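Subject: Structure handover

Hello,

Here is the structure we talked about. Please open it alongside this note.

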Amino acid sequence: MKSHYSGLWLIVAVSLIVFLVISFVDDISVGGWTIKKAPFSENLLAKEDSVGRNSDFCADSLAGKVIEAKTDSVPKSILIFGDSMTLNLALRLAQYAKQNGHTLHSVNWDSSNTKIWADCDTLRHFIRVFDVDYVFISLGSNELYFKNPESRLPYIKKVLEMIDTIPYVWIGPPNWQKDSGINDLLERTCRSGSFFRTDGMELARKKDHIHPTRAASALWVDSIMRWMPKSAHPILADSPSDSIGRANANVTFLKALNK
Amino acid sequence: MMLAEISETLLTVVRNIADMLLYDAEAPMLFSSGLFWLLFIFFLPVYALLKKSKTKMVVFVVGFSLYFYYKSSGLFFLMLIGTSLVDWLLSHAIAKLERRGPRLAVMWLSVLVSLSILGYFKYANFFLWNWNQMVQGNFQPLDLILPVGISFYTFQSISYVVDVYKKRIAPTESWLDYLFFLSFFPALVAGPIVRADYFLPQIEENRRATKENIYGGLWLIIIGIVKKAIIADYIAQYNDLIFNDPSLYTGMQTLMGVLGYTMQIYCDFSGYSDMAIGLALIMGFHLGLNFDSPYQSRNLTEFWRRWHISLSSWLRDYVYIPLGGNRKGTVRTYVNNFLTMLIGGLWHGAAWKFVFWGAMHGVGLAIHKACKPWLDRIPDNWLVSFVSWAITFVYVSLLWVFFRAADFESSVLIIKNIFVGFDINQFPQFFEVRMVWCIMMLALIVMHFVPQSWTDACGRVFVKSPWIVKFLVFVAVVQLVIEFMTEEVVPFIYFQF
């Protein structure tokens with residue numbers, strides 16, 4: 001090999017070896033700053049995916065994994081919270097609540113994500129104030145295309161820690177494009193039977209091509225409620241009668257900066 | 001037990017490496033990816049050994065390029081081979097024919113074959129959508145995958161055949177040489193659009209790469225990585241938020257998103273070009289300059305002389321001049337200019353927004369040409385320079401909105417948001433919560449406006465520096481990529497609720 005090519009080759013090869021070694025050793029910190037690692041070790045040692053990656057509508061796909069629990073017939077104080085998808089979900093959920101004797105409170109925080117909810121005590125506050133004993137979470141839409149979805153794991157865990165032992169259903173984000181892995185991460189992290197996988201559902205969208213329309217959101221809630229008996233902690237979820245009319249979703253809006 | 005675990009781990013590693021080497025539509029091979037550099041470690045010594053023999057070098061590089069294309073586009077690499085064979089045979093047919101008529105017919109046959117393939121993969125669904133709109137039809141869109149880089153290599157093949165027809169170049173004696181030119185991996189997926197008359201003689205000469213070529217190439221790659229994998233990929237996250245949901249943001253936030261996208265598209269595109277040019281230089285090939293600080297331009301004509309130079313010069317030579325250029329009167333000059341930009345817009349993507357973007361650039365160029373006699377009379381001082389620059393920059397930036405936004409309505413909303421809802425008082429708060437983004441933008445603007453001689457001087461210093469300095473710079477840049485790769489921009493930062 002020509003000498004200048006040897007020099008270049010050494011630069012590239014030695015660099016690669018350095019990054020390869022770093023990726024396999026424990027975290028290296030320099031003055032409080034931890035060096036981030038190239039994902040060599042994850043990529044090279046990754047085992048075949050043990051979690052089903054079925055992107056089709058999940059209600060049936062989850063059925064095999066979850067042991068059907070007995071439906072809890074006690075009326076619940078339900079909280080649904082999350083990003084801008086929450087409002088339309090809450091409007092339909094309120095009709096289910098009315099039909100089945102539950103009370104619904106909703107907290108809609110536009111553009112929020114797991115980090116935002118994890119970093120403040122807003123969720124604990126509302127759980128305490130509304131004396132919540134059932135939770136629906138609508139988060140993940142603003143993290144669908146993050147390059148490193150695994151970085152959200154601490155925030156997801158923190159949100160679930162705040163919910164503690166309260167039964168919950170995490171409503172997966174309604175993908176408008178294939179996500180970078182947040183759905184798989186949520187499915188892995190949530191309690192078995194507590195994650196409703198939305199990706200794969202075909203939902204009519206608003207003009208922004210992102211948010212499902214109100215009608216589509218209603219159908220989305222209907223799907224969740226049909227799946228409810230197969231969830232980890234089923235509650236009464238009879239379909240609202242045609243005469244149910246409008247129901248109060250008790251929505252609290254959290255406002256964004258400068259808006 | 002221990003042995004079993006080791007063998008299982010080894011098997012896992014081998015299986016994962018094998019998986020990585022196979023085609024994956026989700027993971028095309030990019031110059032900034034770890035896999036590319038892993039392969040480059042194997043490519044480089046073999047290339048250095050074979051470089052002495054032109055034939056061996058060509059066969060090896062063609063093989064690597066075809067694998068590179070397979071990794072990005074799967075079996076479409078066979079189509080690339082087919083296209084090159086057809087072009088090569090037709091170019092020889094053109095060279096053998098004496099009379100102009102048959103030569104012209106064969107040339108058009110080749111151009112039409114190339115354009116048909118491009119049209120089918122890139123524009124068929126766009127055509128069907130428009131047809132459905134016009135006649136209330138309900139043709140279902142075709143399930144098509146766009147082969148990576150098809151727009152670039154199609155233009156290269158057209159220029160080759162046209163140049164053979166015009167007797168600017170002779171067809172290559174060997175089909176492999178032509179396949180080398182068409183599939184040359186540094187320029188294959190995102191340009192620059194290499195011209196045959198510039199590149200083919202370099203294959204023939206097979207010049208050895210000097211130290212300046214090799215380390216100058218590495219310097220360009222480093223610059224490209226900084227632009228593409230660090231700056232563009234990071235600032236894109238904020239810009240995407242603005243463009244995906246413009247109704248949620250204030251005028252000031254939206255303006256930052258638009259400025260961010262203006263710089264992002266430059267860094268993204270020119271960064272990838274830099275990497276391509278650098279890789280080619282390491283191999284001893286020159287691809288030419290593709291971006292020349294375009295946002296320094298003081299008018300739109302200058303902008304198009306500095307932006308994606310290989311495309312704009314291709315459009316000039318193979319569309320504008322054949323249409324008549326400026327030889328058929330003032331009105332025809334404007335029309336030709338406009339049509340050329342329209343085609344340039346459509347080349348960027350199969351959607352009306354790209355057509356509109358191209359058309360508005362055409363209008364801008366026509367206005368500049370019309371006003372030029374009057375503009376030339378204005379004394380050239382710093383104020384005039386600044387105003388000219390500002391008008392050009394604002395016009396180009398606003399047109400990027402149409403290029404990037406999902407649809408026309410979103411574009412209008414974004415622009416309206418800026419003009420109606422802008423409040424400078426929000427900037428300190430914005431800076432506080434998006435400091436890294438702001439610093440990156442500032443650094444980028446400074447980098448863009450420093451004189452080219454400074455950048456060249458840095459390159460020369462790098463080339464002359466000791467090996468260890470080059471190594472440390474390379475490692476530092478790659479580590480920065482890793483640091484920013486996992487850095488996510490949150491959609492909103494809330495102070496209160």
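Predicted model: local features only at pLDDT ≥ 70, side-chain atom pairs only at ≥ 80, totals over all residues.

Domains. Chain A is assigned two: domain 1 covers 3-45 and domain 2 covers 58-254. Their C-alpha centres in chain A are 41 Å apart. Chain B also has a domain 1, at 31-207, and a domain 2, at 212-485. In chain B the C-alpha centres of the two domains lie 26 Å apart.

The domain contact in chain B. Domain 1 of chain B contributes 22 residues and domain 2 of chain B contributes 24. On the domain 1 side, four helices of chain B give two or more residues each: α5 (100-135), α6 (150-165), α8 (185-188) and α9 (196-205). The largest share of that side is from α6(B), with 5 residues. By class, the domain 1 side has 14 nonpolar, 6 polar and 2 charged residues.

The helix pair. α6(B) also packs with α4(B), residues 76-96. Their axes come within 9 Å and cross at roughly 10°. Angles under 35 degrees count as roughly parallel, so α4(B) is roughly parallel to α6(B). From α4(B), the contact uses B:L80, B:T83, B:D87, B:L90, B:S91, B:I94 and B:A95. Facing them from α6(B) are B:Y153, B:S157, B:Y160, B:V161, B:V164 and B:Y165. This contact has 9 nonpolar, 3 polar and 1 charged residues.

Best wishes

Methods
Residues numbered from 1 in each chain as written. Chains lettered and ligands numbered in written order. Domains from an automatic or database assignment. Contact = placed C-beta atoms within 7 Å. Nonpolar A, V, L, I, M, F, W, Y, C, P; charged D, E, K, R; others polar. Axes fitted to C-alpha atoms, helices over the stretch in contact; angles between N-to-C directions. Parallel < 35°, antiparallel > 145°, perpendicular 65-115°, else oblique.
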